[in-house]
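Subject: Structure handover

Hello,

Here is the structure I said I would pass on. My notes on it follow below the view.

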Amino acid sequence: MKDKPKKLCKLVKKDFLKDDLKEYVKLVNKPQYICDKCGRVANDKKNLCSTEEI
Ligand SMILES: [Zn+2]
C-alpha cells in the first residue's frame, strides 16, 4: 500500500473522496478540529493544514 498524504485539505483535491470515501469518513466521523483555512473538519488535527479545536 502506497503512502498517502495525510492532510485532508490536500487529499480532497486529489479525488480522495471518490476513491476512498470510507477511509475519509473514518477520519471525519467525530470531528474535534476544524481547519481555519479551508473549513474542513477532522477527528485528528494532524489531518488538517491549520487547526482550531471545535
Ligand atoms: Zn485546510
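A residue is called buried here if 20 or more other C-beta atoms lie within 10 Å of its own, exposed if 12 or fewer, and partly exposed in between. By that count, 15% of the 54 residues of the protein chain are buried. Please keep in mind that this is a predicted model.

Confidence: the mean pLDDT of the protein chain is 87, and 91% of the residues score at least 70. Helix H2 (residues 16-19) has the lowest confidence, with a mean of 83, while E1 has the highest, at 95. Where pLDDT is low, the predicted coordinates should not be read in detail.

Overall layout: the protein chain holds three helices and three strands. Read from the N terminus, the order of elements is α-α-α-β-β-β. The radius of gyration is 10 Å, close to the 10 Å that the globule rule gives for 54 residues, so the protein chain is as compact as a globular protein of that length. The C-alpha trace spans about 30 × 20 × 15 Å along its principal axes.

Sheet: the three strands make an open sheet, ordered E2-E1-E3, with antiparallel pairing. Strands E2 (41-42) and E3 (51-53) are at the edges and have a single partner strand each, so one side of each is left without a neighbour in the sheet. Strand E1 (residues 33-35) is joined to E2 by two bridges, and these two strands run antiparallel. Isoleucine 34 has valine 41 in E2 as its bridge partner.

Core: which residues make up the largest nonpolar core? There are six: Leu8, Leu11, Leu27, Tyr33, Ala42 and Leu48. In soluble globular proteins, nonpolar side chains tend to be buried together. Leucine 27 touches Leu8 and Ala42, and also Asn43 and Asn47, when residues up to four places away in sequence are not counted.

Lysine 10: this residue sits in helix H1 (residues 8-11).

Regards

Methods: Residues are numbered from 1 along each chain as its sequence is written. This is a predicted model: local features need pLDDT of at least 70, side-chain atom pairs count only at pLDDT 80 or more; totals for chains, interfaces and linings use all residues. Helices (H or I, at least four residues) and strands (E, at least two) are DSSP runs, numbered from the N terminus. The radius of gyration is taken over C-alpha atoms; the globule rule is 2.2 Å times the number of residues to the power 0.38. Two strands pair if DSSP finds at least two bridges between them. A nonpolar core is a set of buried Ala, Val, Leu, Ile, Met, Phe, Trp, Tyr and Cys residues joined through C-beta atoms within 7 Å. Two residues are in contact if their C-beta atoms, placed from the backbone, lie within 7 Å. pLDDT is the predictor's confidence in each residue, from 0 to 100.
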